[in-house]
Amino acid sequence: MEIKEVGNYGALPLLSLNHVSVLCRSVLDSMRFYEEILGFVLIKRPSSFKFNGAWLYNYGFGIHLLENPNYDEFDAPMIESRPINPKDNHISFQSLQFCFVQCTDVGLVISRLEDMGMKYVTALVEDEGIKVEQVFFHDPDGYMIELCNCENIPIVPISSASCSFKARGQSFKKTVSNKCGFMENVMMRSLSMDMMNFAF
């Protein structure tokens with residue numbers, strides 16, 4: 001088997017995030033969480049799979065639930081008592097409550113979580129006068145979920161190397177003098193289009 005060094009090549013030709021896979025104790029409990037709380041929609045998955053699971057989709061990507069038969073009764077208390085730590089691994093969603101309702105705090109989101117009996121932690125990120133409000137909570141298996149108004153933070157590549165993206169074989173670097181400004185606009189335009197595709 002031949003081993004090639006990846007360092008000599010450019011970045012892989014990725015298009016977008018397709019899905020996130022999540023191990024769960026109960027597919028039914030996790031389906032209910034992702035449908036009722038986060039608004040995902042159950043979709044068909046391949047019939048060739050010989051294990052219990054479910055596929056859900058919304059916001060331009062999927063959540064694939066994989067039931068793990070090895071979870072036992074000793075795992076549950078550890079997961080349920082685990083503290084909510086914003087520095088832990090998590091999936092982050094921009095919330096419509098932050099984006100489209102004139103709501104400068106997280107009051108509506110918190111009220112909804114409290115109505116559902118969910119524990120949560122809030123945080124505030126500030127940078128050069130920009131404020132981002134965050135709410136963190138766990139899914140039924142202890143995976144961290146964040147809701148935020150992260151669109152307030154501009155997407156600014158750190159170096160010119162970050163700006164040498166290629167689209168359809170053409171380098172933006174060659175065609176635009178203000179490379180990073182252009183790339184930031186491309187990324188924000190893509191984000192705006194994704195947000196307009198939300199189902200209300």
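Is Tyr59 buried, partly exposed or exposed? With a relative accessible area of 31%, Tyr59 is partly exposed. The legends below describe close-up views of a predicted model.

**View A. Two residues other than glycine, Tyr59 and Glu128, have a positive phi.** Tyr59 lies in the loop between β3 and β4, and its phi is about 60°. Glu128 has a phi of about 50° and is found in the loop between β6 and β7. Glu128 is exposed, at a relative accessible area of 78%, whereas the value for Tyr59 is 31%, which is partly exposed.

**View B. Asn58 belongs to strand β3.** Its relative accessibility is 15%. The cut-off for a buried residue is under 20%, so Asn58 counts as buried. Leaving out residues up to four places away in sequence, Asn58 touches Gly39 and Phe40.

**View C. The buried residues of helix α1 line one face of the helix, because they fall within an arc of 160° when seen down its axis.** Helix α1 comprises residues 27–36, and its buried residues are Val27, Ser30, Met31, Phe33 and Tyr34. They pack against six strands: β1 (19–24), β2 (41–43), β3 (53–58), β4 (61–67), β7 (130–138) and β8 (144–148). On the face turned away from the buried side, α1 carries the exposed residues Leu28 and Glu36.

**View D. The rings of Phe40 and Phe61 form an edge-to-face pair.** A search of the whole structure finds 10 aromatic pairs. A pair of aromatic rings is described by the distance of the centres and the angle of the planes. For Phe40 and Phe61 the centres are 5.7 Å apart and the planes stand at 80°. Edge-to-face requires an angle over 60 degrees, so this pair falls in that class. The pair links distant parts of the chain, with Phe40 in the loop between α1 and β2 and Phe61 in strand β4, 21 residues apart. Both residues are buried.

**View E. Seven residues form one aromatic cluster: Phe33, Tyr34, Phe40, Tyr59, Phe61, Phe93 and Phe137.** Among them, Phe33 and Tyr34 are also buried residues of helix α1. Tyr59, another member of the cluster, is the loop residue between β3 and β4 shown in View A.

**View F. Arg45 lies over the face of Phe51.** The distance to the ring centre is 5.1 Å.

**View G. Cys148 and Cys150 form a disulfide.** A search of the whole structure finds 1 disulfide. The sulfur atoms of Cys148 and Cys150 are 2.2 Å apart. The torsion about the S-S bond is about -130°, so the disulfide is left-handed. Cys148 is buried, with a relative accessible area of 0%, while Cys150 is partly exposed at 26%. A further cysteine, Cys24, counts as buried at 0% relative accessibility.

**View H. Thr122 sits in strand β6, which spans residues 121–127.** With a relative accessible area of 42%, Thr122 is partly exposed. Its contacts, not counting residues up to four places away in sequence, are Val106, Ile110, Gln134 and Val135. Thr122 and Val106 are separated by 16 residues in sequence, and their C-alpha atoms are 8.4 Å apart in space.

Definitions and conventions
Residues are numbered from 1 along each chain as its sequence is written. This is a predicted model: local features need pLDDT of at least 70, side-chain atom pairs count only at pLDDT 80 or more; totals for chains, interfaces and linings use all residues. Side-chain values use heavy atoms; hydrogens and water are left out. Buried means under 20% relative accessible area, exposed over 50%, partly exposed in between (1.4 Å probe, protein chains only). Helices (H or I, at least four residues) and strands (E, at least two) are DSSP runs, numbered from the N terminus. The arc is that of the directions from the helix axis to the C-beta atoms. Contact means heavy atoms within 4.5 Å. A disulfide is a pair of cysteine sulfur atoms within 2.5 Å. Rings of Phe, Tyr and Trp (its six-membered ring) pair if their centres lie within 6.5 Å; planes under 30 degrees apart count as stacked, over 60 as edge-to-face and the rest as tilted. A charge sits over a ring if NZ of Lys or CZ of Arg is within 6 Å of the ring centre and within 35 degrees of the ring normal.
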